[in-house]
Amino acid sequence: MSNASIPTHPPDAGDTAHQFFAVQELLATPELACFYTDLLVNSPTTVTAARDRQGFSKSTAYKYANTLAELGVATELDTHEDGSALWRADPVSGNWTDETTINLSPVIIAVYGATSTNDDLELFIDRHGKAALAPAVTATINYLQGETTRRGVADILGVPAVEAIAVTQAIERIIAVVKESDPMLDDVSFEVDTHQRALKQAPYQRADE
């Protein structure tokens, strides 16, 4: 990420740079990315509710909320619920280019955040590195669109089939929860449905479902 460059013709250079640095910070700290994702998919929500869902301590949750506010991706609202202030997180996304173009969005952030709690994702990056997660997300989206199979993902990523199956299953659960909050997936439709039983194993849950 540190060598990536922002797009050549951004619509708003200041906003693009702001989101670039926010994404950098989120991808560098999986627990922060995890907390951000929970706020995003459940906005508006309280810090207390988010920390209970993710199992963070009170001090850690408020530290992360303040960090997100400093990054400009979360806002403490003037309204309250059960005596606690409601917070709203905003989606950050964009295309950043180094040797290739990578689409960075809430789904990517959510997947990196889940590496702190999901054994399959953690094992995948242990074997192939953090950078391998981005193409794994793209390949999983292709699978959900019906353009390939899980074993086809193995060929795309150049990994054993068993690893491709495990990582796509883990990523699929995250995409199913985060898709509605990801502007880059607004116009994307999926041919493959994610089973409700699988959604219950996702690292993120919508409080209203």
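Predicted model: local features only at pLDDT ≥ 70, side-chain atom pairs only at ≥ 80, totals over all residues.
# Group meeting: a sheet, its hairpin and some helix contacts

In strand E3, Ala 85 is the bridge partner of His 80.

The neighbouring bridge partners are Glu 81 and, in E3, Ser 84. Both pairs belong to the pairing of E2 with E3, which covers residues 84-89. The two strands pair in the antiparallel sense, over five bridges. E2 and E3 form a hairpin, and two residues sit between them.

One of the turn residues deserves a comment. Asp 82 lies in the loop between E2 and E3. Asp 82 is not a glycine, yet its phi is positive, at about 55 degrees. As background, most residues other than glycine have a negative phi.

What is the order of its strands? The order is E1-E3-E2, in an open sheet of three strands with antiparallel pairing. The edge strands are E1, residues 45-46, and E2, residues 74-81, and each of them pairs on one side only.

Pro 44 is placed in the loop between H2 and E1. The peptide bond that joins Ser 43 and Pro 44 is cis, with omega at about -5 degrees. Again as background, most peptide bonds are trans.

The axes of H2 and H4 come within 10 Å and cross at roughly 80 degrees. That angle makes H2 roughly perpendicular to H4. On the H2 side, the residues in the contact are Glu 31, Leu 32, Phe 35, Tyr 36 and Leu 39. On the H4 side they are Ala 61, Tyr 64, Ala 65, Thr 67, Leu 68 and Leu 71. By class, this contact of H2 with H4 has nine nonpolar residues, one polar and one charged.

Two of those residues also form an aromatic pair. The count of aromatic pairs comes to three. In one of them, the rings of Phe 35 and Tyr 64 have centres 6.2 Å apart and planes at 50 degrees, so the pair is tilted. Phe 35 lies in H2, residues 30-42, and Tyr 64 lies in H4, residues 58-71, so the pair ties together parts that are 29 residues apart in sequence.

Take H7 to begin with. The axes of H5 and H7, residues 133-144, come within 10 Å and cross at roughly 120 degrees. The two helices are therefore oblique to each other. H5 passes H7 in a right-handed crossing. Which residues make the contact? From H5 they are Val 107, Ile 108, Val 111 and Tyr 112, and from H7 they are Leu 133, Ala 134 and Val 137. The contact of H5 with H7 has seven nonpolar residues, no polar and no charged ones.

Then H9. H5 covers residues 106-114 and H9 covers residues 161-178; their axes come within 10 Å and cross at roughly 135 degrees. H5 and H9 are therefore oblique to each other. The crossing of H5 past H9 is right-handed. Pro 106, Val 107, Ala 110, Val 111 and Ala 114 in H5 meet Ile 171, Ile 174, Ile 175 and Val 178 in H9. The residues of this contact divide into nine nonpolar, no polar and no charged.

Val 107 and Val 111 of H5 are named in the contact with H7, and Val 107 and Val 111 are also named in the contact with H9.

To close, here are the two backbone points to look up in the viewer. One is the cis peptide bond between Ser 43 and Pro 44. The other is the positive phi of Asp 82.

How values were computed
Residues numbered from 1 in each chain as written. Heavy atoms only, no water. Axes fitted to C-alpha atoms, helices over the stretch in contact; angles between N-to-C directions. Helix = DSSP H or I, 4+ residues; strand = E, 2+ residues; numbered from the N terminus. Parallel < 35°, antiparallel > 145°, perpendicular 65-115°, else oblique. Left-handed = near helix turned anticlockwise from the far one by under 90°. Contact = heavy atoms within 4.5 Å. Nonpolar A, V, L, I, M, F, W, Y, C, P; charged D, E, K, R; others polar. Pairing = 2+ DSSP bridges. Phe/Tyr/Trp six-rings, centres within 6.5 Å; stacked < 30°, edge-to-face > 60°.
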